[in-house]
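Here are my notes on this model, in numbered points. Please read them with the structure open.

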Amino acid sequence: MTPDPTAPGPVTPDPTAPGPVTPDPTAPGPVTPVPASGEPGPSRPLLRDRPGPPGTLTAVPHADQSHTPSTAPPPAQEAPPGPAAGHPGAPRPGRVRPTRLAVLAGRLGAELPPGAADTEVTGITHDSRAVRPGDVYAALPGARLHGADFATQAAGLGAAAVLTDPSGAGRAAATGLPVLVVDDPRARMGDLAVTVYGDPGSDLLQIGITGTSGKTTTAYMVDGGLRAAAAERHRRETAAGTPVAGQAAGTGTGPELPAVPGPTGLIGTVESRIGDERIKSERTTPEATDLQALFAVMRERGVRSVTMEVSSHALVLGRVDGCVFDVAVFTNLSPEHLDFHPDMEDYFRAKAQLFTTRRSRAGVVNLDDEYGRRLVRESEVPVTTFSAEGHPDADWRAEDIEVGPLGSTFTAVGPKGESVRAAAPLPGPFNVANALAAITALVVAGADPQTAADGVAAIPGVPGRLERVDEGQPYLALVDYAHKPDAVESVLRAVRKVTEGRIHAVLGCGGDRDPHKRRPMGATLARLSDTAVLTSDNPRSEDPLAILAVMLTGASEVPVHERGEVLLHADRAEAVAAAVARAEPGDAVLVLGKGHELGQHIAGVVRAFDDRAVLAGAIRARAAAERAAADAPALPPHSTDQG
C-alpha cells in the first residue's frame, strides 16, 4: 500500500505550497446530532434501518458563519445550493449544527478562555490553508515546524478558535482567537471532529482493512459485495412489496445489512468514493479531521456503509480516533514501513490496535499468516478466521481452487457447512486470499454468503492491481503496485503460473523510503524474471543511480544460473520500452511498483507519469514499427560486380 508520510511526527504544511482543491459537496441530507456522551448510541443502525424519524436538519452556511457570541440556541440554517468551489482540503458537509466552544472545552478538559463560552464552531481542520469560517484550527507540533506558526493565516480565513499544545499557545493567542490548550492536540483532534460533525460514523456500517499487502484490493472487493447486498435487498423488497427484515450477522455478534439500499463509501490508497463520485486520495487513511468530515458528507448523500483502508500510520498517529469499526480485517504482515516503525514488533503492535475494543466490534483475520495467528490469540474482539490455503481450523476456507490467467475460481466453505462458488476477478493465489477475506467480512457484517461472493466476483478490477493493458498484443501486459519484496515475489510467482513463455519485468525502488528493501527487491526480480529491468520509481530527493546501484547489488548476489538477464535503464519509460521490445507471443510483461499512480517524483518535481499509459504507448509504438518494417519495400541487392 502507499506509504504514509515517513517523518516520525506530523508536519503542518507550508501555506505557500500548492494543495489539492476538492469541491465541497452541499447536497442536503440528514445530520444527526452527536449524543451527549459523544459515544455511538445503542440504536446504531449499521446495516439496518434505524426505527423512528431521521435526525434534525440544521446548518450554517460556511461563507456566512458569524463568530458573534450568542446566548440563544443555534438557529436552523441551510447551506447555499451548489458546491462551495475553491476551498482546498477534504470535502465538507453542507449542513452542520453549530457547537459551542464551551462544549468542546468540556470534552477536552481544557480551560475555556474568558468571553469565549458562546463562540460557535462548525468545522475543524489541521491544515491552515483549508480553514473555513467557524473552524477550530488544530495547530499541531511537527518535526520541522509548528502549526501555530500558521495561526495568523487560519485567523485570516475565519477560524473561530485554535486547538494547540503549550508550546504553541503563545503564538496562537497572539491572533486574538480563543485558544484551547491540551498536552497532545493530535490525540484529541479525532474526538473533537466527531463532536463537531455530529458523530457521522455512527450512522454508517464501517469496515476497516489493515495489513501489509492486499488492503486496496480487499477494500474494492468488500465494496462490490456491499453494493450487491444492497441490490439484492432492493430486489427482494420490490418482489415482496414490503420491507424485508435484516439478516443476522454471521457470527451472531456483528451488525446487520441495511434495510434500504443506497450508495456505498470507499476510502483508501487510490481514491475516496462517495457513491459514484471519486476523489483522489492524498494518503491511505485521511487525517481525523478530514475523515470525520468525509463521513458527514457520506451521511448527507445517503451512504449507509463505508469500506476503508487503515494504515499503521493512521493507527499510530490517531487518524482513526473516533472510529469504531463494525468489522476489522487483517490481511497479512511482512516487512514494510521500517523507516517509520523501528522493528516488526512495533509494526505488528500498531496493526493490532485495530483489534481492540476501542477500535472495533468484530475481527476477520487471515489464519495463513504467522502474525494473523498471533492476532487471533491477542485480539480483544471476537474473531472470525479465513484461510485460502484450506487450514482446517479456519472458519472460512477456500477449496477447489482453479487458477487462471485473468482470475481464479474456488469454493468458499463456512463454519456451518456453507458452500458457495466464488471467484477472484484478479489473477494470483494472493487474490484468492483477498477475495475470501472480503467474503468473510461481508458475512460477518450480515450478508448472505452467495450474494457476497457474487458481488466480489463482479468487480471490474482494481486500479493498478494486476491491471491488464490490452492493445491487441499477443502477450500479457500487466501493471501492479507491488513495491516490497514479498509483494514482488507473489506477483511474479502468480504470473509465472499462467505464462507459457518468458516474463519481462520492470521495477524500481522509491527514494526517501525504507532503503533496506532495495537489495532484496533487486534480487527477487533477477531470480524470478527472465528479463529483469531495473529502473527508477519515485527517486524523490535521492540520486536515481544510487538507488539502482543497491538494487543491482542485490541482483548480482543471485547465482548466475538462477537469474535472468538484468538490464539497467534509469529512465522509466525507456525501461518499459525495453521490456516490451523483448516480448514474444505467450510471454508476459510486468511493470511493477507504481500501479495507479499518475506522477513521478524526481528532485522536488512531480512529472506526469502513468505506468498504464506508458506501457500501452510502448506496445503501440512497437506494433507500429513492426508494421512499418513489414510494409517497407525490399531494398535491391547490393552488387560488387566490377565488370
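This is a predicted model: local features need pLDDT of at least 70, side-chain atom pairs count only at pLDDT 80 or more; totals for chains, interfaces and linings use all residues.

1. Helix 1 and helix 4. Helix 1 spans residues 101–108 and helix 4 spans residues 185–196. They pack at an angle of about 145°, and their axes lie 11 Å apart. On the helix 1 side, the contact is made by Leu104, Arg107 and Leu108. Helix 4 brings Arg188, Asp191, Leu192, Thr195 and Val196. Sorted by class, this contact has four nonpolar, one polar and three charged residues.

2. The buried side of helix 1. Which residues of helix 1 are buried? They are Leu101, Leu104, Ala105 and Leu108. These residues sit on the same side of helix 1, because they cover an arc of only 100° around the axis. The general rule behind such a pattern is that an α-helix has 3.6 residues a turn, so residues three or four places apart point the same way. The buried residues of helix 1 pack against helix 4 and several strands. Those strands are strand 1 (99–100), strand 2 (120–121), strand 4 (135–138), strand 5 (161–164) and strand 6 (179–181). Just after helix 1 comes Gly109, with a positive phi of about 70°.

3. The chain as a whole. The protein chain has 16 helices and 25 strands. Of its 643 residues, 56% are buried. Take the contacts between residues at least 6 apart in sequence: 71% of them join residues at least 24 apart.

4. Helix 13. This helix covers residues 518–528. Eight of its eleven residues are buried, so helix 13 is largely enclosed by the rest of the structure. The buried ones are Arg518, Met521, Gly522, Ala523, Thr524, Leu525, Ala526 and Leu528. What do the buried residues of helix 13 pack against? The helices are helix 12 (485–497) and helix 14. The strands are strand 20 (503–509), strand 21, strand 22 (565–568) and strand 23 (588–592).

5. The annotated binding site. An unreviewed UniProt entry places the feature "binding site" at Arg513, Asp537, Asn538, Pro539, Arg540, Gly593 and Glu597. Two of these positions are taken up in the next points.

6. Asn538. Asn538 lies in the loop between strand 21 (531–536) and helix 14 (544–556). Is Asn538 buried or exposed? Asn538 counts as buried because its relative accessibility is 1%, under the 20% cut-off. Leaving aside neighbours within four places in sequence, Asn538 is in contact with Gly510, Gly511, Lys594, Glu597, Gly599, Gln600 and His601. Glu597 is also one of the positions in the UniProt feature.

7. Pro539. Pro539 is found in the loop between strand 21 and helix 14. Pro539 is buried, at a relative accessible area of 2%. With neighbours within four places in sequence left aside, Pro539 is in contact with Gly511, Pro544, Ile547, Gln600, His601 and Ile602.

8. Most residues other than glycine have a negative phi. Two residues deserve a look here. Leu466 has a phi near 45°. Leu466 lies in the loop between helix 11 (449–457) and strand 18 (467–468), and is buried at a relative accessible area of 4%. Ala603 has a positive phi of about 50°. Ala603 lies in the loop between strand 24 (599–602) and strand 25 (605–608). Ala603 is exposed, with a relative accessible area of 60%.

9. Thr384 has its place in strand 14 (residues 383–387). Thr384 is buried, with a relative accessible area of 8%. Thr384 and Val329 are 55 residues apart in sequence, and their C-alpha atoms are 9.5 Å apart in space. Val413 lies in strand 16 (residues 408–413). Val413 counts as buried at 12% relative accessibility. Val413 and Leu436 are 23 residues apart in sequence and 9.8 Å apart in space, C-alpha to C-alpha. Beyond neighbours within four places in sequence, Val413 is in contact with Asp395, Trp396, Arg397, Glu399 and Glu418.

Key: Residues are numbered from 1 along each chain as its sequence is written. Side-chain values use heavy atoms; hydrogens and water are left out. UniProt positions are given in the numbering used here, feature names are shortened, and annotations may be inferred rather than shown by experiment. Helices (H or I, at least four residues) and strands (E, at least two) are DSSP runs, numbered from the N terminus. Buried means under 20% relative accessible area, exposed over 50%, partly exposed in between (1.4 Å probe, protein chains only). Contact means heavy atoms within 4.5 Å. Axes are lines fitted to C-alpha atoms, for helices over the stretch in contact, and angles run from 0 to 180 degrees between N-to-C directions. Ala, Val, Leu, Ile, Met, Phe, Trp, Tyr, Cys and Pro count as nonpolar, Asp, Glu, Lys and Arg as charged, and the others, Gly among them, as polar. The arc is that of the directions from the helix axis to the C-beta atoms.
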